[in-house]
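The exercises below are to be worked with the sequence and the three-dimensional structure at hand. Each task is followed by a solution that goes step by step.

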Amino acid sequence: MFLHHPLFRPLAALAILLLIDLILVPGFFHLEIKDGHLYGSLIDIANRAAPLILAAIGMTLVIATRGIDISVGATVAISGTVAAMLVGGTMVMNNGVPEYVANTPMWIALAAAMGAAVLCGAWNGALVAGLGLQPIVATLILMVAGRGLAQLFTDGQIITVYYQPYFFLGSGYLLGLPFSLFIVAAVFIVTALLLRKTALGLFIQSVGINPVAARLAGLKTAVLIFFVYVFCSACAGIAGLMITSNIKSADANNAGLLLELDAILAVTLGGTSLAGGKFNLAGSVIGALIIQTLTYTIYSLGLPPEVNMVVKSVVVFVICVSQSAEFKTMWRRAFPGARGGKA
Amino acid sequence: MAMTTKSSAPVLELRGISKAFTGVQALNGVSLKLYPGEVHTLMGQNGAGKSTLIKVLTGVYTPDHGQILLAGQAIQPQSTLDAQNHGISTVYQEVNLCPNLSVAENIFIGRYPRKFGRIDWASMAKQASELLERMQIRIDVTLPLAHYPLAIQQMVAISRSLLVSAKVLILDEPTSSLDEKEVDLLFSVLRGLREQGMAILFVTHFLDQTYAISDRITVMRNGEREGEYLASDLSRVELVNKMVGAPAATEATAASAQTAAAGDGTATGSATAAGALGSASAGRLQSFLRAVGLGRRGALQPMDLEIREGEMLGLAGLLGSGRTEAARLLFGADKSDSGTISIDGKERNLSSPRDAIAAGIGFCSEDRKHEGAILDLSVRENLILALQARSGILRAIPLKRQQQLAEEYVKALGIKTASIETPIGSLSGGNQQKVLLARWLVTDPKLLILDEPTRGIDVRAKQEIMDYVTALCKKGMSILFISSELPEVLRVSDRIVVMRDRKAGGEYARGALDETSVLQVIAAGDQHE
Amino acid sequence: AKPLVIGFSQVGAESEWRTANTVSIKDAAKKEGVTLKFADAQQKQENQVKAIRSFIAQRVDVIAFSPVVESGWDTVLREAKRANIPVILTDRAVNVSDTSLFVSFLGSDFVEEGRRAGRWLVERQKKTPDAVLNIVELQGTVGSAPALDRKKGFEEVIAGNAKLKVIRSQTGDFTRAKGKEVMEAFLKAEGKKINVLYAHNDDMAIGAIQAIEEAGLKPGKDIIVISIDGVKGAFEAMIAGKLNVTVECNPLLGPQLMQIAKDVVAGKPVPKRVVTQEGVFPAEVAAKEFPNRKY
Amino acid sequence: MSPPKPSIASITSSQYFTSLITVFLLVVLLAAGGAAYPGFLSLQVLFNLLIDNAFLLVIAVGMSFVILSGGIDLSVGSVLALTTMICAWMLQTWHWPPLLVIAIGLAIGTLFGAAMGAMIHYFKLQPFIVTLAGMFLARGLCYLISINSITIDDPFFVVLSQTQLPVGDCFISPAALIALATLAVAIYVAHCTAFGRAIYAIGGNEQSALMMGLRVARTKVLIYAFSGFCAALAGVLFSFYMLSGYGLHAQGTELDAIAAVVIGGTLLSGGYGYVAGALTGVLVLGSIQTLIAFDGTLSSWWTKIVIGGLLFIFCVVQRVMTLRTNKK
Ligand SMILES: Nc1ncnc2c1ncn2[C@@H]1O[C@H](COP(=O)(O)OP(=O)(O)OP(=O)(O)O)[C@@H](O)[C@H]1O
Ligand SMILES: Nc1ncnc2c1ncn2[C@@H]1O[C@H](COP(=O)(O)OP(=O)(O)OP(=O)(O)O)[C@@H](O)[C@H]1O
Ligand SMILES: [Mg+2]
Ligand SMILES: [Mg+2]
């Protein structure tokens, strides 16, 4: 029965990757307590995957409405930069002793960063829902200009943050686990509840599958689409905070570079169709974990960097093909006995 | 005519075809013989398996069991193209054309006329125009198909299938969006093809049409073949009984089936008969909605319309006379550029469907594929969508309540579905239509606009739905009823507005018109201009 | 007289180093009263070619550019030559069949930077002559000239030394985030075996330093950290004792570039190769040097 | 039946307008450039637009087909790079005859595309994901060949690279002519052959196309094969342009191509638009870049912001005018 569950195949792909790690990477599953928190590869993966998961959650809703948001990376750069600049802090030398000074209260910085991200989303949403531009071009505009804006704020410099509390967001620990995981869990739960407990999920799917019919049934399609882009950017905004907090600096040119592609990949690996409509939020989370585990596996195996991309692409191909219903049919036809009982 | 072909061998034979989808045995050991030079009609209730049979026959689905024999040879069509190459040409129930291509291309795609190896656009347009002209359709064939209403699209689909020099022509409910004149045209074309020895398999829910054209009738029920009959041997009542089930079915069923059979047969007669059942006379009722000078450039000339509480207002007219357009304006689906709408005496600005829904209006569109069904969603979700939209995004209807509503309406409207969680896309056409009707019924609207609500619905269901709706009307719901089936409009409406050339042509009380007089009203209008 | 017009095609703004380079050139131009036509290529060679073509169309006096890649410049430089516009290369060299296509190359030598990093390590190794030092390397963007050359120069120097072994080498794309991510993985896979980190730029080193700290080790002590560029952040890290040495790669090419351009236009002979003044800054001198850093 | 009066307000007629509007806006853009910057409106600058964007035009032509069919191809930039790499590798290490090398490069690109098309069709996978993986794969393969850039000094390539075909005082490159020829062929294919029309049909409604008896499978594989071919041809042109093979060539070109196609008036949802739009789209992007280069005062970030801003203005004006025209 669970074989037919939509999450089965993404989970299986993740399990196989972990199995490979188990066999080929000694100590991969080793966890130890260091400085009062858990330490090990698995923790790294979860921690690293956190921004990607956030982006994938937002992207899932956008894709469900038949849209796409390729400005996620730029939004990450903007929100991270705004936060880092406001929190900022500079190192001053006092008689040869370094001293750190903070600029703006942290909550204002965080609020401003999220505000900037929401503005980005509103911009995208207005272009798609209001003007009716095609999502990919509408978000392309911000993708191109957004990073420029972020660099404009920083004058092209990498802004280093010297303010301890800010680091908690991306590299702090709570109950022995990375704090970022709690943020991700919170966003996931809130989103899932929002989709379950309100009609949002139903409406988003309806708009994605048949916008004309949805409008005739009385849905505010434009408002929904607008909301979804804002939501996606807000997720990206949190991801931006997490990334800057983790590396203690904001790198406007590189922060979240190509994050949008990974997020889209995660969403698809999780079983959501890019054609819109039915979506699978938990699947996207697993998709993001698959991607991060794969990246980490490549590092851990000590493969030369030249082959990274080939390995990554081959794995994506294999996962996609194995997930397709057509492949299953072919497989069954080729090996009637082997799988017959299972399916 | 059928007699002459009797002796010859069948061109196409189906033997023991079975096909199951998850949860549904759509076909169970169905056999069928098609002889050259005959029209063979496939009849059965919604979900009986007619469309599935046709899809198996034309390679869209692979049968689980059974054989297809073409001129005695077993074939296994793998695709529509494959079937076409075998000489089987098909028009499917849901119009399957490309909206972005021109009308001419939709007819000729796959077999373009060529000049120096390239597509000869000029000759293609000319041939397409000629072909459509044979069906008395004069349109600009170089415009994209999406410009034209469903009925024209249907005719284009039919023209396309006529173009292939096929041995077998299959038409799945081709007439459901055509009006009578067009049906006549189509039939005369079909008769011509029959003369030439083509075997025609025809699916319809219209008894009149069945008898007007068929030589032979196969009745299907619940995925099985109930029996095969010569049209001349089978009376209408018998036919309906066979479709619905044994004559020993419950009294109510039989009775309604008979009314349906009778109703379809003699329109005017039953109109008066049904009139006796009708609600209180129109004059006494309070006005619910009043539209003054409502119009939209290029679509509808300014017209006045009044709908009273608890009345069924029929909109009659030929294809393209602007009925759908009027309905869309009332519902706010299109923006009007002139006129006002007032509801309960107060002027309202209905600029979107939301506004209209808030004002208590529901609209069941004629184009269920594009404007109605949300295909991947379940029956339940489709059913509660409008209600949920009205109660707002935050106040989700509890799942329990949704299920209860869905179960209730599935039962009330006799929707044939494996479960309420089945995606609506895997329901048969007629059953999809019922779900969409239910979508509006659950919102308990004060005014329900029904644009061709009975399209593709079998006789019994049609009767049930009309009964249901009439009952609601009596309880105070107003209904704007649009249908290309004139007898039906005449039978159920309290008042009728006849439309022609995209404007209102006149308003008549029940009984003031019969079928011929409506046609006269329309014709008279034509003379005026 | 008409002011000198220089068309300058910059790689992009991919790092602090690069922005410092841009600022230096712009400031120098302003100071010298030179009209600077600046075009940003956003890290794409084709954009640079386009920019150079438009400089030719605008008939600027001198074209200068920092090539994204070494190869592929023959055609457009030939067009420049035909239009009699002298070309000066900054920062990176090009690989052309005919060296008369450019008049001068001003910039650092990536291979030499790699060698310097290597030499520093070899010196350092002499302090503990018996110990084998396991090195992990954070490469720049795969295939990019600085990554290739810095790797090459470093390997060249340590090749003769059996005590120095590169055990892991992976790309960190020149960014802090990637540097940290890859270093985390290295630490999990190799644990305490790692003695030295060699990063192709400061940013990756700064990211990796965080990973080392989070692993409970002391960067600069438990693991020797070597990097290249010499940006401000690296000096801060050295002052904090977390980075051992940075090899300078000087981005402040502006004044020299203006001088060469003027000489070329005035018909004076210019050297074909001008190497920028660069140093090696070990942690010991960081605090003293820090106030002098402009970028 | 009353003679039909089709309403003007419909998507398709607007498509036609969209294309015209794009051309109109392009002219405005060029005129504005001419007014602001001396020398901008010279013939050579216009030719440079073609010379510098020849490879992008070829890719955009292939992309047009894919997008018209309702798909997308993200692998084109990487396939371009792979082709430059393969050509350079074979020329420099094996010294194979250049024409053979070109043929092999084109064949590999075509096969690459066809393989992706087959996966998309037969496994019912998302074009976006398959071609995204294809993008990683092709780039990865470049690095497997070599992580260095390889300079091409084959005389045939050098001659093609440096030939300037004089037109009056100005010149144009052979690559630009090849690109224009590709465009012409593609326009012919799209509008005068059954294959071309099948692309439109699939983009309009794939299910219907199948039901109408079109060879959907073959067409879809061919579409991606064609896109792969175009990417490879662009790769060959790029090797003329750069005389080198390199794994980092043409990063992000896929987005430029998609943007060009969409700006040229093609709907990403498929079925609506013209192949010729690829040319206008490419010219618009090229003009924006040239404008910025002529301005010469923008810093890196301002360059990005201005490109974004111009794209925005362009898309909005295009959209608003389309809506306007529709209303009339
Ligand atoms: N793709 C599908 N997946 C699952 N079930 C299906 C599918 N297609 C049809 N069915 C089921 O098969 C049965 C027969 O459907 P079919 O469309 O053949 O009916 P029909 O006789 O054409 O009805 P109608 O007159 O309403 O068009 C129905 O119960 C329907 O729900
Ligand atoms: N025969 C026809 N030829 C061309 N266009 C037509 C034809 N009939 C209708 N139309 C188009 O249909 C539109 C108005 O028709 P509308 O759909 O409102 O009428 P209707 O009476 O509801 O017809 P239908 O039975 O198709 O629903 C007009 O815009 C007109 O262009
Ligand atoms: Mg049917
Ligand atoms: Mg209608």
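**Exercise 1.** How many residue pairs are in polar contact between chain A and chain D?

*Solution.* The model is a predicted one, in which local features need pLDDT of at least 70 and side-chain atom pairs count only at pLDDT 80 or more, while totals for chains, interfaces and linings use all residues. Residues are numbered from 1 along each chain as its sequence is written, chains are lettered from A and ligands numbered from 1 in the order in which they are written, and side-chain values use heavy atoms, with hydrogens and water left out.

Step 1. A polar contact is a pair of N or O atoms within 3.5 Å; within protein, one must be able to donate a hydrogen and the other to accept it, and residues adjacent in sequence count only if both atoms are side-chain atoms. By this rule, seven residue pairs, both residues at pLDDT 80 or more, are in polar contact between chain A and chain D.

Step 2. On the side of chain A that touches chain D, helix 5 of chain A gives the largest share, twelve residues (helices are DSSP runs of H or I, at least four residues, numbered from the N terminus; strands are runs of E, at least two).

Step 3. The residues of this side of chain A divide into 30 nonpolar, ten polar and five charged, where Ala, Val, Leu, Ile, Met, Phe, Trp, Tyr, Cys and Pro count as nonpolar, Asp, Glu, Lys and Arg as charged, and the others, Gly among them, as polar.

**Exercise 2.** Determine how enclosed helix 11 of chain A is.

*Solution.* Step 1. Buried means under 20% relative accessible area, exposed over 50%, and partly exposed in between (1.4 Å probe, protein chains only).

Step 2. Eleven of the eleven residues of helix 11 (residues 259-269) of chain A are buried, so this helix is largely enclosed by the rest of the structure. Among them are A:Glu260, A:Asp262 and A:Thr268.

Step 3. After the helix comes A:Gly271, with a positive phi near 100°.

**Exercise 3.** Which protein donors does the magnesium ion (ligand 4) have?

*Solution.* Step 1. Donors are N, O and S atoms within 2.8 Å of the metal (3.2 Å for Na, K and Ca); water is not among the atoms, so sites may look incomplete. The protein donors here are B:Thr324 (OG1) and B:Glu366 (OE), at 1.8 to 2.7 Å from the ion.

Step 2. B:Thr324 belongs to helix 12 (residues 323-331) of chain B and B:Glu366 to the loop between strand 18 (361-364) and helix 14 (368-372) of chain B, so the pair ties together parts that are 42 residues apart in sequence.

Step 3. B:Thr324 is partly exposed, at 22% relative accessible area, whereas B:Glu366 is buried, at 18%.
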